[in-house]
Amino acid sequence: MIELTDKKIQKYLTPCRFPQPVLHGSGRTGAFDEKAVDIPFVFWHGGKFHMLYTGFDGKGYQSALAVSDDLLHWKHKGIILKRNMESDRWDRIGGAATWILKESNHLEALPTLKKVNGKYWLVYHSYPDTGYESGPAEIGMAWTEDEELLDWHFPDKPCFSWRDGEGWESGGLYKACIIEHEGKWLLFYNAKDRKARWTEQTGMAVSDDLQHWTRCRENPVLRVDRSSWDERFVSDPCIVRDGNIWLNFYFGYGKMYEDGHTHAQEGLALSSDLVHWEKVREPVLAYGSPGSYDCGHAHKASVVYYRGVLYHFYCAACPWQEGYPTNANGEYRTICLATSMPLDEVRTEEGNL
């Protein structure tokens, strides 16, 4: 394993946490984000930064876009993946959109979007039942030709399912990210093995057309370590490249800490071939101090390198308190930011919580 103090990973660390959440749910009754927001994916499009993110309303996930000029202050743009309970579709409950195909995998490249056959493509997963991540989810690909990225076309059936998978993924699928490498599409995803007290690990599949996928024989390519802090979950892959090194900003979960709780935290793994990975021994972004917005969890990464600074967006969770905008079963779940260096010149606008 790689030590947290190793010089070769220092440029990937983001020890400076922005003092306020950068995006939170509305708290409005009946709104898609009434209870929480989750799963950021940040990119550049149309002269602005965009964030693809997921809202939770108590019934399930729906997904939306927000925009920003400075990566700190975000404004909701529109919902792009909605629920359709009156239909008999596989994704009628809604879904969590987690990634849009990018022009480049490189960490230091501005993350712009790539067209394939004249269309932009996003990947999402959908659960079959109402509730919080209820039932075994499957993965689908949606497309748009709309430069505003608001009008998406969704498939009649999933393109990737636990139904034809292996035992470690038989409980359902979660976040997927897709990269292009050597003329192939590679889909990284995490999955669970059963309904209760489950384990989540990360697999990879390969495709020529974004629709037909062949699983990697070495799956799961990133596994839990029963003797470490990520003993139960190795989840939510975020894959980027720095030179000849591939990086996976994932989250781990499982260890009971001195406060009597188990915390999801950001980890990092490195690879030269996208199949064999070496983990950093400790979390690269640990759960926060008592009373902080991420004192419960700090997980589900999206990383952007901009003007010499690495921005690490993540989903933060803490116990709900009076005055917080949203409440999901006693938890305040929002999107926060950590950076590789202090942003002293940036100040949170009054009332931006």
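Select leucine 23 to start: at 8% relative accessibility this residue counts as buried, where buried means under 20% relative accessible area, exposed over 50% and partly exposed in between, with a 1.4 Å probe and protein chains only. Before you click on, know that you are looking at a predicted model, where local features need pLDDT of at least 70, side-chain atom pairs count only at pLDDT 80 or more, and totals for chains, interfaces and linings use all residues. Numbering runs from 1 along each chain as its sequence is written, and side-chain values use heavy atoms, with hydrogens and water left out.

**Around leucine 23**

Stay where you are and colour by secondary structure. Leucine 23 is in the loop between strand S1 (16-17) and strand S2 (36-45); helices (H or I, at least four residues) and strands (E, at least two) are DSSP runs, numbered from the N terminus. Now show what leucine 23 touches, leaving aside neighbours within four places in sequence: Val37, Met51, Tyr53, Ala66, Trp74, Thr334 and Ile335. Contact here means heavy atoms within 4.5 Å.

Which loop holds glutamate 34? Glutamate 34 also lies between S1 and S2, and is buried because its relative accessible area is 17%. Zoom in on the side chain of glutamate 34, which reaches the backbone nitrogen of glycine 30 at 3.0 Å. That is a polar contact: a pair of N or O atoms within 3.5 Å, one able to donate a hydrogen and the other to accept it within protein, with residues adjacent in sequence counting only if both atoms are side-chain atoms. Not counting residues up to four places away in sequence, glutamate 34 touches Ser26, Gly27, Arg28, Thr29, Phe56, Asp57 and Thr326.

Lysine 35 is partly exposed, with a relative accessible area of 26%.

How many salt bridges does a search of the whole structure find? The count is 21.

- Aspartate 156 and arginine 89, whose side chains meet at 3.5 Å, N to O. This pair links distant parts of the chain, 67 residues apart: aspartate 156 sits in the loop between strand S8 (138-144) and strand S9 (172-181), arginine 89 in the loop between strand S5 (75-81) and strand S6 (96-100). Aspartate 156 is exposed at 68%, while arginine 89 is partly exposed at 24%.
- Arginine 194 and aspartate 193, with a salt bridge of 3.2 Å, N to O. Arginine 194 is partly exposed at 43%, and aspartate 193 is partly exposed at 21%.
- Asp38, Lys300, Glu331 and Arg333, which are linked in a network of salt bridges.

**Last stop: the sheet**

Switch to cartoon and select S2, S3, S4 and S5. They make an open sheet of four strands in the order S2-S3-S4-S5, with antiparallel pairing; two strands pair if DSSP finds at least two bridges between them. S2 and S5 each have a single partner strand, so one side of each edge strand has no neighbour in the sheet. On average, neighbouring strands of this sheet are turned by 25 degrees against each other, direction ignored; the axes are lines fitted to C-alpha atoms, for helices over the stretch in contact, and angles run from 0 to 180 degrees between N-to-C directions.

Finish on strand S4 (residues 61-68), which is joined to S5 by five bridges and runs antiparallel to S5. Click serine 63, and its bridge partner in S5 is leucine 81.

Key: Salt bridge = Lys/Arg side-chain N within 4 Å of Asp/Glu carboxyl O.
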